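Open the model in a viewer and keep the selection tool at hand. The stops below say what to select next and what is there.

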Amino acid sequence: MSRRVVITGLGAVSPLGGDAPTAWAAALAGRSGVGRISLWDASSWPVQINGEVRGFSPDALLGREARRYERFTWFALAAAREAVRDAGLPEAAPLGDGAGVYLGSGIGGAQAIARNAVQLAAEGPRHLSPSFVPQSLTNMAAGAVAMAHGATGPSLCVATACATGNHSIGEAWRAIRDGDAELILAGGAEGAMFDLGLGGFMAMKALSKRNDAPEKASRPFDRGRDGFVMAEGAGVLVLEELGAAKARGARIYAEVLGYALNNDAHHITAPPAGHAGAARCMARALEKAGLQAEDVDYVNAHGTSTKANDAEESRAIRAVFGRHADQLAVSSTKSMTGHMLGAAGGIEAIFCALALRDQVMPPTINLDAPDEGCDLDYVPHQAKERRLRVVMSNAFGFGGTNAVVIFGAPPA
Amino acid sequence: MASVDITAKLTELIVARFGVKAEEVRADASFIDDLGADSIDIVELVIDIEKAFDLSIQDEDAEKIATVQDAIDYIRDHLPA
């Protein structure tokens, strides 16, 4: 009998709010977290909108340690602390050897690289910061969270672009099943919200330019979509072995039932027609979970609001689910959060866990006119109640990487 | 620059860099033992001092700066005329 893995704690920092309950309430209300860029003067930029984490004080959270870390690590620390507290785990005592941290980031601390590149160009190597390397390293979020909570078990940093959060959760599920840990803080963090970071995606023509109506800019599956909205934040979940969770009387949100990963091996950024890689990944995740397509009630789509993704993902869902695709509900919470990149899988897993708890699906907002090829039930505009037993979360990243995680209602 | 001005400016740098209160920055305070700094913090502070006082501090000199007074003495002795 293999070990089962459940979710016992949630923590999130996002454009929808400073913690997971606030983000969930906003998502159920169909509120957009997208606004005008405030972190730098983008008033003359082609793209002037993003999904920023607002009102976040690293000093209040971390005190003097704040300057040691880059923005993505601040968010990871805040979300992890909330998840630990939410799980009813001790905050002051070390979590120990049985506890791990699987926390990745798509981009990591690129600000530190940019600052020091400017410094190097201006003055040569003399005043390069000794904090440059530790601030920029993508695995520093996992390291900082492990230190903050005394988690001396397995630690891993996944960097699979926009699929990072899903891979982290899936690999954590695997590690707990294999007996490498009893508990893992898993998810993703992203905070590369600065001029160069957003400028890079802008140069790819990947971002929405709907500057005059930011809250309408992220519109997955809609005919009028014109790119994704770059966002930031962190989503961290406490994954725990079922017996250990029960033994300490933990509240169980959901169970992690299955996970699969693969690669399109097709193009650096674009999915293949019909997104065959994603379809194979979804099918394999079902197989790993021991489920049939008909068992799935809801899919939290990758749904980026790009021309390339949304129709192809819809086709892939049709290919996997067949006739059940018309019974299934699919939504993209990126319509509200924007695309939190490496953190997306983290917060979307949190939404899946809360959907299972509350038996309600968050909507796809701004879906006024579904595009050609986008012919599923996307839960448009308003959250919808439904009996939910099994939900799937999709994440696909640049580099052709795919990760699908399946969650189920808490075991009886 | 008068010694009192050096102390005031240095205190500002230390407060900003280490996140301590100004009254903790006593002359005999050790950066590591009293102000909670580590080796990375001290390298950062040396860069702050170089920029603020227009100095160039050699690594072997920087390694000897362990207390607030050490820093004040070094700055006073090496300030550009």
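Helices (H or I, at least four residues) and strands (E, at least two) are DSSP runs, numbered from the N terminus. This is a predicted model, in which local features need pLDDT of at least 70 and side-chain atom pairs count only at pLDDT 80 or more, while totals for chains, interfaces and linings use all residues. Residues are numbered from 1 along each chain as its sequence is written, and chains are lettered from A and ligands numbered from 1 in the order in which they are written.

**Stop 1**

Select Ala161(A), which sits in the loop between β5 and α7 of chain A. Its phi is near 50 degrees, a positive value in a residue other than glycine. Is Ala161(A) buried or exposed? Ala161(A) has 21 other C-beta atoms within 10 Å, so it is buried. The cut-offs are these: a residue is buried if 20 or more other C-beta atoms lie within 10 Å of its own, exposed if 12 or fewer, and partly exposed in between, with C-beta atoms placed from the backbone.

**Stop 2**

Go to Asn366(A), in the loop between β11 (360-361) and β12 (384-385) of chain A. Asn366(A) is not a glycine, yet its phi is positive, about 65 degrees. With 26 other C-beta atoms within 10 Å, Asn366(A) is buried.

**Stop 3: the sheet**

Now show the strands of chain A. Ten of them form an open sheet with mixed pairing, in the order β5-β4-β6-β7-β1-β8-β14-β13-β9-β10. Two strands pair if DSSP finds at least two bridges between them. Which strands stand at the edges? They are β5 (155-156) and β10 (329-331) of chain A; each has a single partner strand, so one side of each is left without a neighbour in the sheet.

Select helix α6 (residues 140-149) of chain A, which packs on the sheet and touches β4, β5 and β6 of chain A. Two residues are in contact if their C-beta atoms, placed from the backbone, lie within 7 Å. The direction of α6 makes about 150 degrees with that of β4(A); axes are lines fitted to C-alpha atoms, for helices over the stretch in contact, and angles run from 0 to 180 degrees between N-to-C directions.

Strand β4 (residues 99-104) of chain A pairs with β6 (residues 183-190) of chain A in the parallel sense, over six bridges. Here Leu103(A) has Gly187(A) in β6(A) as its bridge partner.

Move to strand β8 (residues 254-263) of chain A, where eight of the 10 residues are buried. Strand β1 (residues 5-13) of chain A runs antiparallel to β8(A), joined to it by three bridges, and Val5(A) stands opposite Val256(A). Eight bridges link β8(A) with β14 (residues 401-408) of chain A, again antiparallel; look for Tyr259(A) opposite Val405(A).

**Stop 4: helices**

Select α7 (residues 164-177) and α13 (residues 344-358) of chain A, which pack at an angle of about 65 degrees with their axes 5 Å apart. Thr164(A), Gly165(A), Asn166(A) and Ile169(A) of α7(A) meet Ala344(A), Gly345(A), Gly346(A) and Ala349(A) of α13(A).

End at helix α3 (residues 71-86) of chain A, where 14 of the 16 residues are buried, so α3(A) is largely enclosed by the rest of the structure. After α3(A) comes Gly88(A), with a positive phi near 70 degrees.
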